[in-house]
Amino acid sequence: MLCYQCQEASRGIGCTVVGVCGKNENVAKLLDFLGFTLKSIAKIIIDKKIDVKEIDYINHAVLRSLFMSITNANFDEDAIIAQIKKNISIKRELKGSCNCECENITKEKILEKAEKIGILSEKNEDIRSLK
Ligand code: SF4
């Protein structure tokens, strides 16, 4: 795992084995994937020029997801997975159609995919640090 989202990060760099806050690797991966779903939703909203004032329930889901991601707010894997699934259904709804395999995504699949979309998947250190 790598998490460097807060001032408690190990050695001032990042938590790589377990979080100083108690976050475990699974939670770190699930939260990475939760953030990924938010980026997907945001991209569709921007691309389709959707008026955010018209999508209250989506705004609520985004805010809820962001709050779940802050340090020490939520380590409940089932709750994070439920929010990921909700965000995926929002993404599918916004997109209109989707050929991906995300509809019935499992915890195991999320953890597997999180490896590919996590912060370490960006090989360029400069770009990674901007994220
Ligand atoms: S949120 Fe937890 S795991 Fe992440 S940097 Fe802070 S202490 Fe480490």
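Colleague: Why does Lys91 count as partly exposed?
Modeller: Lys91 has 19 C-beta neighbours inside 10 Å. A residue is called buried if 20 or more other C-beta atoms, placed from the backbone, lie within 10 Å of its own, exposed if 12 or fewer, and partly exposed in between. The count for Lys91 falls in the in-between range, so the residue is partly exposed. Before we go on: this is a predicted model, where local features need pLDDT of at least 70 and side-chain atom pairs count only at pLDDT 80 or more, while totals for chains, interfaces and linings use all residues. Residues are numbered from 1 along each chain as its sequence is written.

Colleague: Good to know. Where is Lys91, and what does it touch?
Modeller: Lys91 sits in helix H3; helices (H or I, at least four residues) and strands (E, at least two) are DSSP runs, numbered from the N terminus. Contact is defined by C-beta atoms, placed from the backbone, lying within 7 Å. Setting aside residues up to four places away in sequence, Lys91 touches Thr37, Ser40, Ile41 and Ile44. Its C-alpha is 21 Å from that of Glu77, 14 residues away in sequence.

Colleague: What makes Leu38 buried?
Modeller: Leu38 has 20 other C-beta atoms within 10 Å, and the definition asks for 20 or more, so Leu38 is buried. Leu38 lies in helix H1. Beyond its neighbours within four places in sequence, Leu38 is in contact with Val62, Ser65 and Asn87.

Colleague: And how do you know that Met1 is buried?
Modeller: With 21 C-beta neighbours inside 10 Å, Met1 meets the cut-off and therefore counts as buried. Met1 belongs to the segment before H1. Its contacts, not counting residues up to four places away in sequence, are Cys15, Thr16, Glu25, Ala28 and Lys29.

Colleague: What makes Arg11 and Lys49 exposed?
Modeller: Arg11 has 8 other C-beta atoms within 10 Å and Lys49 has 6. The limit for exposed is 12 or fewer, so these two residues are exposed. Arg11 is in the segment before H1, and Lys49 is in the loop between H1 and helix H2 (56-69). Neither is a glycine, yet phi is positive, near 55° in Arg11 and about 50° in Lys49.

Colleague: Which residues surround the ligand, and why are they called near?
Modeller: A residue is near a molecule if its C-beta atom, placed from the backbone, lies within 6 Å of it. The residues around the ligand are Cys3, Tyr4, Gln5, Cys6, Glu8, Ala9, Cys15, Gly19, Val20, Cys21, Lys23 and Thr71. They divide into seven nonpolar, three polar and two charged; here Ala, Val, Leu, Ile, Met, Phe, Trp, Tyr, Cys and Pro count as nonpolar, Asp, Glu, Lys and Arg as charged, and the others, Gly among them, as polar. One of the shell residues, Cys6, is partly exposed, with 15 C-beta neighbours inside 10 Å.

Colleague: What makes a set of residues a nonpolar core?
Modeller: The members are buried Ala, Val, Leu, Ile, Met, Phe, Trp, Tyr and Cys residues joined through C-beta atoms within 7 Å. The largest such core has 17 residues, of which Leu30, Leu31, Phe33, Leu34 and Ile84 touch the most other members. Helix H1 (25-47), helix H3 (77-95) and helix H4 (107-117) each give two or more residues to this core, with the largest share, eight residues, coming from H1. Leu34 is in contact with Ser65, Met68, Ser69, Ile80, Gln83 and Ile84, leaving aside neighbours within four places in sequence.

Colleague: How do you know that the chain is as compact as a globular protein of that length?
Modeller: The chain has five helices and zero strands. Its radius of gyration, taken over C-alpha atoms, is 15 Å, close to the 14 Å that the globule rule (2.2 Å times the number of residues to the power 0.38) gives for 131 residues, so the description holds.

Colleague: Last one: how confident is the predictor?
Modeller: The mean pLDDT (the predictor's confidence in each residue, from 0 to 100) is 91, and 97% of the residues score at least 70.

Methods:
Contact = placed C-beta atoms within 7 Å.
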